Amino acid sequence: MDFYEVVARRRDVRAEFTGEPVPDDVLTRVLGAAHAAPSVGMSQPWDFVVVRDPVTRKAFQEHVAGEREVFAAELTGERARTFGRIKIEGVLESSLSVLVTYDAAKGAPAVLGRHAIADAGLYSVCLAIQNLWLAATVEGLGVGWVSFYREDFVRDLLGIPASIRPVAWLCLGPVSHLNDVPDLERHGWRNRLPLADVLHSERFGERFGARFGGQ
């Protein structure tokens, strides 16, 4: 696959995991790609916790199920019915999980480039996550980002210090296939916007024009 094919093929996987093991060399390559991400001030403010233990993953999955119910209680009508059809995680179906964290103390006290934008370190962690996701796609693996959790629960579950933020619980493993259409689009939760709808020229609100599909 070339780069643009990988970007287009990448999916947030939930139901398609096979549970087959991830070879150590493949996992090392995927995590190496994540660790190669750019970071503000070369701070590399991430850590990666690989979670294979089924007891730990079951405890997390039960917590996620509870948070799903909290969100579902906020919905009514068609929105509630649509959400009821959506699977939000593949914690137990996947081969393993990777918890990606953010440590603002790395590179401190003088993190070059973070003095005016406090969240630049958090953005760096997101770049590492995207690298991991694209590398996994190249390797024929699926990734699912689980966001239905409370950070303090994950800290307690994995022994993460209070000063370190858990950013992403990622389910990882071989998949039977990757869907052509993302789950949330397939289920009618939300559709992807055309590029022209989010492009501006010189100033916010000035459309780019017909060459990008605008009017």
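**Close-up views of rings, pockets and backbone**

**View 1. Phe83 is a buried residue.** Phe83 is buried because its relative accessible area is 5%, and buried means under 20% (exposed is over 50%, partly exposed is in between; the probe is 1.4 Å and only protein chains count). This is a predicted model: local features need pLDDT of at least 70, side-chain atom pairs count only at pLDDT 80 or more, and totals for chains, interfaces and linings use all residues. Residues are numbered from 1 along each chain as its sequence is written, and side-chain values use heavy atoms, leaving out hydrogens and water.

**View 2. Aromatic rings pair up.** What describes a pair of aromatic rings? The distance of the centres and the angle of the planes do. Rings of Phe, Tyr and Trp (its six-membered ring) pair if their centres lie within 6.5 Å; planes under 30 degrees apart are stacked, over 60 edge-to-face, and the rest tilted. The structure holds 9 such pairs. In one of them, Phe3 and Tyr4 have ring centres 5.5 Å apart and planes at 80°, so the pair is edge-to-face. Both Phe3 and Tyr4 are exposed. Phe83 and Trp189 form a tilted pair, because their planes stand at 55°, with the centres 6.1 Å apart.

**View 3. Phe83 and Trp189 link distant parts of the chain.** The two residues are 106 residues apart. Phe83 belongs to helix α4 (residues 77-84). Trp189 sits in the loop between α7 (183-186) and β5 (200-201). Helices (H or I, at least four residues) and strands (E, at least two) are DSSP runs, numbered from the N terminus. Is Trp189 buried or exposed? Trp189 is buried, since its relative accessible area is 17%.

**View 4. Phe60 is buried in helix α3.** Helix α3 spans residues 54-72. How much relative accessible area does Phe60 have? The value is 0%, so Phe60 is buried. Which residues does Phe60 touch, leaving out those up to four places away in sequence? They are Val91, Val146, Tyr149, Phe153, Val154, Leu157 and Trp169. Contact means heavy atoms within 4.5 Å.

**View 5. The largest pocket has a volume of about 280 Å³.** Rolling a probe the size of a water molecule over the atoms shows where empty space is left. On a 1 Å grid over the protein atoms alone, a cavity is a set of points where a 1.4 Å probe fits but cannot get out; a pocket is an open set with protein on both sides within 12 Å along at least five of seven lines; lining residues have an atom within 4 Å of a point. Points are joined across faces, edges and corners, and a volume is the space filled by probe spheres set on the points. The lining of the largest pocket has 8 charged, 3 nonpolar and 1 polar residues. Ala, Val, Leu, Ile, Met, Phe, Trp, Tyr, Cys and Pro count as nonpolar, Asp, Glu, Lys and Arg as charged, and the others, Gly among them, as polar. Lining residues include Arg10, Arg11, Trp133 and Arg192. Helix α7 gives the largest share, 3 residues.

**View 6. The second largest pocket has a volume of about 220 Å³.** The lining holds 9 nonpolar, 1 polar and 2 charged residues.

**View 7. The structure has 1 cavity of 30 Å³ or more.** The largest cavity has a volume of about 60 Å³. Its lining includes Val13, Glu16, His177 and Asn179.

**View 8. Some backbone spots stand out.** A cis peptide bond joins Ala108 and Pro109, with omega of about 10°. Pro109 is in the loop between β2 (96-103) and α5 (120-138). Met42 is not a glycine, yet has a positive phi of about 55°. Met42 lies in the loop between α2 (24-35) and β1 (46-51). Met42 counts as exposed because its relative accessibility is 63%. Gln44, also in the loop between α2 and β1, has a positive phi of about 45°. At 26% relative accessibility, Gln44 is partly exposed.
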